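Hi everyone, thanks for making time for this. Let me put the chain on the screen, and then we can walk through it together.

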Amino acid sequence: MALVDTQLLRLNFGIFVLHAVQMAMFVVVPPLLVAAGLPLAEHWQLYLPVVLASFALMLPPVLHADRRNAARPVMLGAIALLTVSQAALAFAGASLVVLALLLLAFFAAFNVLEALIPSLVSRLAPEHARGAAIGVYNTTQTLGLFIGGLAGGWIAERHGAAAVFGACTLLVLAWLTVAR
C-alpha cells in the first residue's frame, strides 16, 4: 500500500508541475509572440496548428504506452521533452518559427502526459479509494494552475520571460527526478 501511495504522490506532484508550468509559461508566451511579429489577435493562427499537430504527435507514444505496457518510459520521455522545450524557450528569442517549434514540442509532451497521468492514477488507486484519488489529482491539478499563474506573473514582472522558462525548467527537472 505504501508503494501505491508513493506512486500516487509522484503522479500528483507531476500533474501539479505540468499545470504550473503551463500557466507560468503562458504568462510570457503571448508577449513573446507579439515581439516576434504576430499580433495578439492573430495568435490563434499559431496556436491552432500547433495544438492540432501536437495531438497527432501525441497519439503514437500514448498508443505505444498502452499497447506495450510502457507508460513509465513514455512518461519519462515526455517529461524530458518538456524539460528541453522549457530550457530552449529561455533562449528562443523573438523568432516566430523557433517559438512555434518549441510550443509544438511543449504541447506534444503536455498532451502525452495529460493522457497518461490520469490513466495511471485510476489504475494505481485502490478500488475503494479511486474516487478520492481522482479528487486529490484534480485538486492538485487546479493548485498547479493557480500557483503557476501566480509564480509566473511574479517571476516575469521581476526577472523577465527567460527567468520564467528557467524556473519552469528547474521545476520539470525536479519532476523528472521524482518520477525516476
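How many helices and how many strands does the protein chain have? There are six helices and zero strands, where helices (H or I, at least four residues) and strands (E, at least two) are DSSP runs numbered from the N terminus. Reading from the N terminus, the order is α-α-α-α-α-α.

A word on the source, please. This is a predicted model, so local features need pLDDT of at least 70 and side-chain atom pairs count only at pLDDT 80 or more, while totals for chains, interfaces and linings use all residues. Residues are numbered from 1 along each chain as its sequence is written, and side-chain values use heavy atoms, with hydrogens and water left out.

Now the overall picture. The C-alpha trace spans about 50 × 35 × 25 Å along its principal axes.

What share of the residues counts as buried? For the 180 residues of the protein chain, the figure is 42%. Buried here means under 20% relative accessible area, exposed means over 50%, and partly exposed is in between, with a 1.4 Å probe and protein chains only. As for the surface, the chain exposes about 9,000 Å², and carbon and sulfur atoms supply 71% of that area; the method is Shrake-Rupley with a 1.4 Å probe, and for residues only the protein chains shown count as cover.

Contacts next, meaning heavy atoms within 4.5 Å. Among contacts with a separation of 6 or more, 80% come from residues 24 or more positions apart.

Let's zoom in on α3, which runs over residues 71-89. This helix has 19 residues and reaches 27 Å from its first C-alpha to its last, close to the 27 Å expected at 1.5 Å a residue; the expected span is 1.5 Å times one less than the number of residues. Its buried residues include Val74, Ala78, Leu82, Ser85 and Leu89. As a reminder, an α-helix has 3.6 residues a turn, so residues three or four places apart point the same way.

Gln86 is buried, because its relative accessible area is 0%.

Is Asn12 buried or exposed? Asn12 is buried, at a relative accessible area of 10%. Leaving aside its neighbours within four places in sequence, Asn12 contacts Val136, Tyr137 and Thr140.

Compare that with Asn69, in the loop between α2 (44-67) and α3. Asn69 counts as exposed because its relative accessible area is 66%. Have a look at the backbone there too: Asn69 has a positive phi of about 55°, although it is not a glycine.

One last stop, in the loop between α3 and α4 (96-124), where we find Gly93. Gly93 is partly exposed, with a relative accessible area of 43%. Gly93 and Ala35 are 58 residues apart in sequence, yet their C-alpha atoms are 9.0 Å apart in space.
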